[in-house]
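Please walk through the structure shown here, one region at a time.

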Amino acid sequence: MKKFFAASVLILIMIVATACSGGNEKASGSDGSGDGNWKPEKPIEIVAPAGAGGGWDTTARMVAKMFGETGIIEQDIGVVNKPGGGGAVGWAYVTEKDSPYNLFVSSPPILLVPLNGQSQYGHEDFTPIANMIADYGAFAVKADAKWDNLNELFADMKKNPSKITVVGASSPGSMDHIQFVKIAKAAGVDITKIKYVSDQDGGALTSLLNGSVDVYSTGIAETVEQVKAGKIKVLGITAPERLKGDVLSEFPTAKEQGIDATFVNWRGFFGPKDMDPAAVKYYEKKFKELSESDAFAEVRKKYGWTKKYMDSEEYKKFLDKEKEEIKGLLEELGLAK
């Protein structure tokens, strides 16, 4: 009986010890050390909350590729597309996974979509890890349009805003709309009367070229080839200063035209809410190393991206501030929920 009792006690001790040492991968290093020195010991997944070929997809794939080629992160990194809901499907997926091995890339829609009432998830529901790049918007018209700069366009819009149609690939209240509204407001246009139409099926440029709309609000990269072909002209961009590069350097900023406003399409990476601080520190360090690398500098140059690294703390403060500014614009437009 004594031997049976002793054996039972030993088994109980072993069970308790195993439970205590197992730990949650969110609470201790994946190597089981529990000393706060987290490092990945299985493949990492980056979610692009949209289909293939867009800005989120390209950013996620280039980052994953460069991490591997440079050896900055030795673990395999895969990219998975989770399109739908302007990003909301991907955000729900990462929330459900709730693991430091599941990250996602995002940009202003993570502020805009929940403010529009289209998602229950916002940036506060995740852990900002690091911002990596900045992209900017461009406002283009047909090559033979009567306007040659933003001031000429906005002068006509001040007289009759609804007479001029602006097209974008995002929904009303989302990025292509808001970047135009922000610059137009700074120029003195009544933004509540701007006629914005959304074409999310890839026909926005066609609508501009066939004369169905007057102005195309889009990303800078989407205008370069058409400018080279002589089909469109860019009246202004939302960057704080002129960009470098072939064709890009020819695009005037809104600021140099006397309009004191910019709009940045930042892109960065997030993890699940309440992410292990040691894991955040690990990724933060690796993203910074990648941002500083010559290899990623070449990627930025290829895609016309600007370097804009922010660590986790700086990124969170930036997001909080951006949200308040965007919220004000949406409320003025009657689009805030």
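Aspartate 274 sits in the loop between strand E9 and helix H9 (277–292); helices (H or I, at least four residues) and strands (E, at least two) are DSSP runs, numbered from the N terminus. With a relative accessibility of 61%, aspartate 274 counts as exposed, where exposed means over 50% relative accessible area, buried under 20% and partly exposed in between (1.4 Å probe, protein chains only). Its phi is near 55 degrees, a positive value in a residue other than glycine. Most residues other than glycine have a negative phi.

The model is predicted: local features need pLDDT of at least 70, side-chain atom pairs count only at pLDDT 80 or more, and totals for chains, interfaces and linings use all residues. Residues are numbered from 1 along each chain as its sequence is written, and side-chain values use heavy atoms, with hydrogens and water left out.

Aspartate 98 also has a positive phi, of about 50 degrees, and is not a glycine. This residue is found in the loop between helix H3 (88–97) and strand E3 (102–106). Aspartate 98 has a relative accessible area of 32% and is therefore partly exposed.

Strand E9 (residues 264–272) contains asparagine 265. Asparagine 265 counts as buried because its relative accessibility is 8%. Apart from neighbours within four places in sequence, asparagine 265 is in contact (heavy atoms within 4.5 Å) with Ser107, Pro108, Ile133, Ala134, Asp135 and Met175.

Next comes helix H5. Asparagine 149 caps the N-terminal end of H5, with a side-chain oxygen 3.1 Å from the backbone nitrogen of asparagine 151. Within H5, the residues Leu150, Leu153, Phe154, Asp156 and Met157 are buried. These residues cover an arc of only 155 degrees around the axis, so they lie on the same side of H5; the arc is that of the directions from the helix axis to the C-beta atoms. The buried residues of H5 pack against strand E4 (126–142), strand E5 (165–168), H6, strand E7 (215–219) and strand E8 (232–237).

How do H5 and H6 pack, at what angle and how far apart are their axes? Helix H5 (residues 150–159) and helix H6 (residues 175–186) pack at an angle of about 85 degrees, and their axes are 10 Å apart. H5 and H6 are therefore roughly perpendicular to each other, a term for angles of 65 to 115 degrees. In this contact, Leu150, Leu153, Phe154 and Met157 of H5 meet Phe180, Ile183 and Ala184 of H6. By class, the contact has seven nonpolar, no polar and no charged residues.

Definitions and conventions:
Axes are lines fitted to C-alpha atoms, for helices over the stretch in contact, and angles run from 0 to 180 degrees between N-to-C directions. Angles under 35 degrees count as roughly parallel, over 145 as roughly antiparallel, 65 to 115 as roughly perpendicular and the rest as oblique. Ala, Val, Leu, Ile, Met, Phe, Trp, Tyr, Cys and Pro count as nonpolar, Asp, Glu, Lys and Arg as charged, and the others, Gly among them, as polar. A polar contact is a pair of N or O atoms within 3.5 Å; within protein, one must be able to donate a hydrogen and the other to accept it, and residues adjacent in sequence count only if both atoms are side-chain atoms.
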